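Here's a quick briefing to read alongside the model. Have the sequence open and click along as you go.

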Amino acid sequence: MASNVTFIGAGNMASAIFGGMIESGYPREAITATSPDDAMLAPLRERYGIHTETDNNAGVANADVVVLAVKPQIMHDVCAAMRDATQDRKPLIVSVAAGLTAETLERWLGGDLPVIRCMPNTPSLVGSGASGLYANRLVDDSQKSIATTLMESVGIVEWVDEEVLLEAVTAVAGSAPAYFYLVFEALEEAGVKLGLPAESARRLAVQTGLGAARMVQQGDADPAQLRRNVMSPNGTTERAVTHLEEAGLRQIFLEAAEVCAARAREMG
Ligand code: NAD
(Lines give C-alpha, C1' and ligand atoms only; values in the text may rest on other atoms or scores of the structure.)
Protein backbone atom coordinates (compact mmCIF):
# COMPACT_ATOMS: atom_id res chain seq x y z
CA MET A 1 0.00 0.00 0.00
CA ALA A 2 1.19 3.53 -0.79
CA SER A 3 2.55 5.62 2.07
CA ASN A 4 0.29 8.40 3.32
CA VAL A 5 1.98 11.66 2.41
CA THR A 6 0.94 14.95 4.02
CA PHE A 7 2.12 18.28 2.67
CA ILE A 8 2.33 21.02 5.29
CA GLY A 9 1.72 24.06 3.08
CA ALA A 10 -0.11 23.78 -0.21
CA GLY A 11 1.58 26.45 -2.32
CA ASN A 12 3.60 26.39 -5.52
CA MET A 13 6.20 23.78 -4.55
CA ALA A 14 3.79 21.44 -2.74
CA SER A 15 1.23 21.46 -5.57
CA ALA A 16 3.96 20.91 -8.17
CA ILE A 17 5.11 17.81 -6.24
CA PHE A 18 1.72 16.26 -5.49
CA GLY A 19 0.48 17.18 -8.99
CA GLY A 20 3.51 15.34 -10.40
CA MET A 21 2.95 12.36 -8.08
CA ILE A 22 -0.67 12.00 -9.18
CA GLU A 23 0.31 12.30 -12.83
CA SER A 24 2.84 9.50 -12.29
CA GLY A 25 0.11 7.28 -10.83
CA TYR A 26 0.48 7.85 -7.07
CA PRO A 27 -2.94 7.22 -5.44
CA ARG A 28 -4.57 10.59 -4.68
CA GLU A 29 -6.36 9.07 -1.64
CA ALA A 30 -2.95 8.76 0.02
CA ILE A 31 -2.18 12.49 -0.34
CA THR A 32 -3.17 15.27 2.09
CA ALA A 33 -2.29 18.95 1.92
CA THR A 34 -2.71 21.53 4.67
CA SER A 35 -3.04 25.29 4.78
CA PRO A 36 -4.76 27.55 7.33
CA ASP A 37 -6.72 29.01 4.42
CA ASP A 38 -9.53 26.71 3.21
CA ALA A 39 -10.27 29.06 0.29
CA MET A 40 -6.86 28.06 -1.04
CA LEU A 41 -7.46 24.35 -0.43
CA ALA A 42 -10.88 24.15 -2.15
CA PRO A 43 -9.52 24.40 -5.73
CA LEU A 44 -6.87 21.78 -4.89
CA ARG A 45 -9.56 19.33 -3.69
CA GLU A 46 -11.47 20.04 -6.88
CA ARG A 47 -8.52 19.72 -9.25
CA TYR A 48 -6.53 16.88 -7.67
CA GLY A 49 -9.08 15.03 -5.53
CA ILE A 50 -6.69 14.96 -2.55
CA HIS A 51 -7.57 15.26 1.15
CA THR A 52 -7.06 18.65 2.72
CA GLU A 53 -6.89 19.92 6.31
CA THR A 54 -6.74 23.40 7.78
CA ASP A 55 -5.17 21.95 10.94
CA ASN A 56 -1.58 20.69 10.51
CA ASN A 57 -1.87 18.27 13.43
CA ALA A 58 -4.89 16.61 11.84
CA GLY A 59 -2.84 16.31 8.64
CA VAL A 60 0.03 14.62 10.47
CA ALA A 61 -2.21 12.19 12.40
CA ASN A 62 -2.26 9.53 9.62
CA ALA A 63 0.93 10.47 7.79
CA ASP A 64 3.83 8.14 7.03
CA VAL A 65 5.61 11.03 5.33
CA VAL A 66 5.31 14.72 6.21
CA VAL A 67 6.57 17.14 3.56
CA LEU A 68 7.42 20.55 5.02
CA ALA A 69 6.56 23.05 2.27
CA VAL A 70 5.92 26.34 4.05
CA LYS A 71 8.14 29.41 3.79
CA PRO A 72 11.34 29.15 5.85
CA GLN A 73 10.44 32.25 7.91
CA ILE A 74 7.42 30.54 9.51
CA MET A 75 8.92 27.04 9.69
CA HIS A 76 9.96 27.29 13.34
CA ASP A 77 6.44 28.12 14.55
CA VAL A 78 4.85 25.54 12.27
CA CYS A 79 7.21 22.79 13.54
CA ALA A 80 6.82 23.78 17.20
CA ALA A 81 3.03 23.53 16.88
CA MET A 82 3.30 20.01 15.32
CA ARG A 83 5.85 18.68 17.77
CA ASP A 84 3.52 16.42 19.78
CA ALA A 85 1.80 14.98 16.72
CA THR A 86 5.11 14.21 14.99
CA GLN A 87 6.64 12.72 18.14
CA ASP A 88 3.58 10.43 18.53
CA ARG A 89 3.70 9.27 14.94
CA LYS A 90 7.45 9.54 14.04
CA PRO A 91 6.83 9.95 10.32
CA LEU A 92 9.55 10.53 7.75
CA ILE A 93 10.08 14.31 7.51
CA VAL A 94 10.94 15.67 4.06
CA SER A 95 11.76 19.38 3.87
CA VAL A 96 11.93 21.44 0.69
CA ALA A 97 12.60 24.67 2.61
CA ALA A 98 15.61 26.71 1.58
CA GLY A 99 18.29 27.39 4.18
CA LEU A 100 17.19 25.11 7.04
CA THR A 101 19.40 22.17 7.99
CA ALA A 102 18.06 18.70 8.74
CA GLU A 103 19.46 19.04 12.25
CA THR A 104 17.57 22.31 12.88
CA LEU A 105 14.29 20.86 11.62
CA GLU A 106 14.73 17.70 13.68
CA ARG A 107 15.38 19.80 16.81
CA TRP A 108 12.35 22.04 16.18
CA LEU A 109 10.21 18.89 15.88
CA GLY A 110 11.47 17.47 19.17
CA GLY A 111 14.38 15.28 17.96
CA ASP A 112 14.86 11.61 17.11
CA LEU A 113 13.17 11.76 13.69
CA PRO A 114 14.19 10.63 10.19
CA VAL A 115 14.66 13.83 8.20
CA ILE A 116 15.40 14.31 4.51
CA ARG A 117 16.39 17.73 3.29
CA CYS A 118 15.76 18.56 -0.38
CA MET A 119 17.14 21.40 -2.41
CA PRO A 120 14.80 21.68 -5.38
CA ASN A 121 15.07 24.44 -8.00
CA THR A 122 12.33 26.52 -9.61
CA PRO A 123 12.01 24.44 -12.83
CA SER A 124 10.45 21.83 -10.49
CA LEU A 125 7.33 23.97 -10.87
CA VAL A 126 7.11 22.82 -14.52
CA GLY A 127 8.21 19.23 -13.87
CA SER A 128 11.82 19.79 -15.00
CA GLY A 129 13.51 20.32 -11.66
CA ALA A 130 16.88 19.15 -10.39
CA SER A 131 16.94 18.35 -6.67
CA GLY A 132 19.73 17.46 -4.28
CA LEU A 133 18.64 15.25 -1.36
CA TYR A 134 20.35 14.55 1.96
CA ALA A 135 19.16 11.98 4.53
CA ASN A 136 19.99 12.12 8.26
CA ARG A 137 21.17 9.09 10.27
CA LEU A 138 17.65 7.80 11.05
CA VAL A 139 16.43 7.50 7.44
CA ASP A 140 16.25 3.93 6.09
CA ASP A 141 16.46 2.75 2.48
CA SER A 142 12.71 2.42 1.98
CA GLN A 143 12.25 6.00 3.20
CA LYS A 144 14.96 7.17 0.81
CA SER A 145 13.14 5.48 -1.99
CA ILE A 146 9.86 7.24 -1.04
CA ALA A 147 11.63 10.62 -1.11
CA THR A 148 13.16 9.74 -4.48
CA THR A 149 9.65 8.99 -5.80
CA LEU A 150 8.33 12.32 -4.46
CA MET A 151 11.06 14.47 -5.93
CA GLU A 152 11.38 12.52 -9.19
CA SER A 153 7.77 13.45 -9.86
CA VAL A 154 9.07 17.00 -10.51
CA GLY A 155 12.45 16.23 -12.07
CA ILE A 156 15.71 14.44 -11.37
CA VAL A 157 17.27 13.59 -8.00
CA GLU A 158 20.85 13.34 -6.71
CA TRP A 159 21.62 12.03 -3.18
CA VAL A 160 24.52 13.90 -1.58
CA ASP A 161 26.07 14.90 1.77
CA GLU A 162 24.49 17.91 3.43
CA GLU A 163 27.54 20.12 2.96
CA VAL A 164 27.58 19.29 -0.76
CA LEU A 165 23.83 19.88 -0.89
CA LEU A 166 24.23 23.31 0.53
CA GLU A 167 27.19 24.43 -1.53
CA ALA A 168 27.69 22.47 -4.75
CA VAL A 169 24.01 21.69 -5.44
CA THR A 170 23.09 25.34 -4.84
CA ALA A 171 25.88 26.44 -7.21
CA VAL A 172 25.09 24.06 -10.09
CA ALA A 173 21.30 23.59 -9.72
CA GLY A 174 19.55 25.70 -7.06
CA SER A 175 20.81 29.06 -8.34
CA ALA A 176 21.74 27.89 -11.83
CA PRO A 177 18.42 28.46 -13.66
CA ALA A 178 19.31 32.17 -13.44
CA TYR A 179 22.65 31.57 -15.20
CA PHE A 180 20.79 30.09 -18.15
CA TYR A 181 18.24 32.94 -18.15
CA LEU A 182 21.18 35.33 -18.37
CA VAL A 183 22.56 33.42 -21.36
CA PHE A 184 19.13 33.59 -23.04
CA GLU A 185 18.96 37.35 -22.37
CA ALA A 186 22.43 37.85 -23.83
CA LEU A 187 21.68 35.75 -26.92
CA GLU A 188 18.42 37.63 -27.47
CA GLU A 189 20.24 40.97 -27.28
CA ALA A 190 22.89 39.68 -29.68
CA GLY A 191 20.21 38.43 -32.09
CA VAL A 192 18.50 41.82 -32.05
CA LYS A 193 21.80 43.59 -32.70
CA LEU A 194 22.35 41.34 -35.69
CA GLY A 195 18.90 42.17 -37.09
CA LEU A 196 16.35 39.70 -35.66
CA PRO A 197 13.09 40.83 -34.06
CA ALA A 198 13.38 40.39 -30.26
CA GLU A 199 10.59 37.82 -30.14
CA SER A 200 12.21 35.65 -32.83
CA ALA A 201 15.65 35.94 -31.21
CA ARG A 202 14.22 34.79 -27.88
CA ARG A 203 12.31 31.87 -29.41
CA LEU A 204 15.35 30.70 -31.34
CA ALA A 205 17.73 31.03 -28.37
CA VAL A 206 15.43 29.31 -25.85
CA GLN A 207 14.56 26.46 -28.20
CA THR A 208 18.25 25.98 -28.94
CA GLY A 209 19.01 25.78 -25.21
CA LEU A 210 16.23 23.23 -24.76
CA GLY A 211 17.38 21.21 -27.79
CA ALA A 212 21.01 21.19 -26.70
CA ALA A 213 20.01 20.02 -23.19
CA ARG A 214 17.82 17.26 -24.69
CA MET A 215 20.64 16.01 -26.88
CA VAL A 216 22.89 15.66 -23.83
CA GLN A 217 20.15 13.97 -21.79
CA GLN A 218 18.71 11.65 -24.40
CA GLY A 219 21.94 10.31 -25.80
CA ASP A 220 23.59 10.40 -22.37
CA ALA A 221 26.36 12.06 -24.37
CA ASP A 222 29.38 13.99 -23.21
CA PRO A 223 28.70 17.71 -23.79
CA ALA A 224 32.32 18.21 -24.92
CA GLN A 225 31.85 15.60 -27.67
CA LEU A 226 28.55 17.15 -28.79
CA ARG A 227 30.27 20.55 -28.88
CA ARG A 228 33.10 19.18 -31.02
CA ASN A 229 30.53 17.61 -33.35
CA VAL A 230 29.09 21.08 -34.11
CA MET A 231 32.50 22.72 -34.57
CA SER A 232 33.75 22.04 -38.08
CA PRO A 233 37.34 23.25 -38.58
CA ASN A 234 37.49 26.94 -39.37
CA GLY A 235 33.69 27.14 -39.35
CA THR A 236 31.33 29.61 -37.69
CA THR A 237 30.82 27.65 -34.45
CA GLU A 238 34.52 27.09 -33.96
CA ARG A 239 35.09 30.84 -34.31
CA ALA A 240 32.40 31.64 -31.69
CA VAL A 241 33.40 28.94 -29.21
CA THR A 242 37.08 29.83 -29.43
CA HIS A 243 36.12 33.41 -28.63
CA LEU A 244 34.12 32.30 -25.57
CA GLU A 245 37.00 30.12 -24.37
CA GLU A 246 39.60 32.86 -24.88
CA ALA A 247 37.36 35.36 -23.08
CA GLY A 248 37.46 33.04 -20.05
CA LEU A 249 33.92 31.67 -19.97
CA ARG A 250 34.89 28.51 -18.04
CA GLN A 251 36.78 30.51 -15.43
CA ILE A 252 33.83 32.91 -15.06
CA PHE A 253 31.44 29.99 -14.39
CA LEU A 254 33.89 28.51 -11.88
CA GLU A 255 34.16 31.80 -10.04
CA ALA A 256 30.37 32.31 -10.10
CA ALA A 257 29.88 28.83 -8.61
CA GLU A 258 32.49 29.54 -5.94
CA VAL A 259 30.93 32.84 -4.82
CA CYS A 260 27.50 31.19 -4.88
CA ALA A 261 28.73 28.34 -2.65
CA ALA A 262 30.45 30.80 -0.29
CA ARG A 263 27.21 32.80 0.06
CA ALA A 264 25.26 29.59 0.70
CA ARG A 265 27.75 28.73 3.46
CA GLU A 266 27.35 32.19 5.03
CA MET A 267 23.56 31.83 5.00
CA GLY A 268 23.71 28.32 6.51
P1 NAD B 1 4.07 29.34 -1.32
O2 NAD B 1 3.93 30.68 -0.68
O3 NAD B 1 3.56 29.14 -2.71
O4 NAD B 1 3.37 28.25 -0.39
C5 NAD B 1 3.39 28.29 1.00
C6 NAD B 1 2.12 27.62 1.52
O7 NAD B 1 2.16 27.58 2.93
C8 NAD B 1 0.82 28.34 1.17
O9 NAD B 1 -0.06 27.36 0.65
C10 NAD B 1 0.28 28.83 2.49
O11 NAD B 1 -1.14 28.85 2.54
C12 NAD B 1 0.83 27.77 3.41
N13 NAD B 1 0.90 28.14 4.82
C14 NAD B 1 1.10 29.36 5.38
N15 NAD B 1 1.10 29.25 6.72
C16 NAD B 1 0.90 27.93 7.01
C17 NAD B 1 0.79 27.18 8.20
N18 NAD B 1 0.91 27.76 9.41
N19 NAD B 1 0.57 25.86 8.11
C20 NAD B 1 0.46 25.24 6.91
N21 NAD B 1 0.54 25.91 5.75
C22 NAD B 1 0.77 27.23 5.79
O23 NAD B 1 5.62 28.95 -1.23
P24 NAD B 1 6.48 27.95 -2.17
O25 NAD B 1 7.11 28.69 -3.27
O26 NAD B 1 5.66 26.74 -2.45
O27 NAD B 1 7.65 27.57 -1.15
C28 NAD B 1 7.46 26.57 -0.16
C29 NAD B 1 8.82 26.07 0.28
O30 NAD B 1 9.50 25.54 -0.85
C31 NAD B 1 9.70 27.17 0.86
O32 NAD B 1 10.27 26.70 2.06
C33 NAD B 1 10.77 27.38 -0.19
O34 NAD B 1 12.02 27.68 0.40
C35 NAD B 1 10.82 26.03 -0.89
N36 NAD B 1 11.30 26.15 -2.27
C37 NAD B 1 10.52 26.72 -3.22
C38 NAD B 1 10.99 26.82 -4.52
C39 NAD B 1 10.12 27.40 -5.61
O40 NAD B 1 10.57 27.33 -6.76
N41 NAD B 1 8.94 27.92 -5.34
C42 NAD B 1 12.28 26.35 -4.86
C43 NAD B 1 13.06 25.77 -3.86
C44 NAD B 1 12.54 25.67 -2.56
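What follows covers the overall fold, the ligand site and a few individual residues.

This is a predicted model, in which local features need pLDDT of at least 70 and side-chain atom pairs count only at pLDDT 80 or more, while totals for chains, interfaces and linings use all residues. Residues are numbered from 1 along each chain as its sequence is written, and side-chain values use heavy atoms, with hydrogens and water left out.

**The protein overall**

- The protein has 12 helices and 8 strands; helices (H or I, at least four residues) and strands (E, at least two) are DSSP runs numbered from the N terminus.
- Its C-alpha trace spans about 70 × 40 × 30 Å along the principal axes.
- Of the 268 residues in the protein, 42% are buried. Buried means under 20% relative accessible area, exposed means over 50%, and partly exposed is in between (1.4 Å probe, protein chains only).

**Where the ligand sits**

- The ligand is in the second largest pocket.
- A pocket here is an open set of points on a 1 Å grid over the protein atoms alone, with protein on both sides within 12 Å along at least five of seven lines. A molecule sits in one if more than half of its atoms lie within 2 Å of its grid points.
- The largest share, 3 residues, comes from α4.

**What touches the ligand**

- There are 23 residues around the ligand, and N12, M13, S35, M40 and V70 come nearest. To count as near, a residue needs a heavy atom within 4 Å of the molecule.
- By class, that shell has 15 nonpolar, 7 polar and 1 charged residues. Ala, Val, Leu, Ile, Met, Phe, Trp, Tyr, Cys and Pro count as nonpolar, Asp, Glu, Lys and Arg as charged, and the others, Gly among them, as polar.
- Polar contacts are pairs of N or O atoms within 3.5 Å; within protein, one must be able to donate a hydrogen and the other to accept it, and residues adjacent in sequence count only if both atoms are side-chain atoms.

**Residues with a positive phi**

- Most residues other than glycine have a negative phi.
- D112 isn't a glycine, yet has a positive phi of about 60 degrees. D112 is in the loop between α5 (102–108) and β6, and at 48% relative accessible area D112 is partly exposed.
- N234, also not a glycine, has a positive phi near 65 degrees. You'll find N234 in the loop between α10 (223–230) and α11 (236–246), where N234 counts as exposed because its relative accessible area is 61%.

**Two more to click on**

- N121 lies in the loop between β6 (115–119) and β7 (129–135). N121 is buried, since its relative accessible area is 7%, and a polar atom of its side chain lies 3.1 Å from the backbone oxygen of A173.
- H51 is in strand β3 (residues 51–53) and counts as partly exposed at 44% relative accessibility. H51 and A33 are 18 residues apart in sequence, with their C-alpha atoms 6.5 Å apart in space.

Technical notes:
On a 1 Å grid over the protein atoms alone, a cavity is a set of points where a 1.4 Å probe fits but cannot get out, and a pocket is an open set with protein on both sides within 12 Å along at least five of seven lines; lining residues have an atom within 4 Å of a point.
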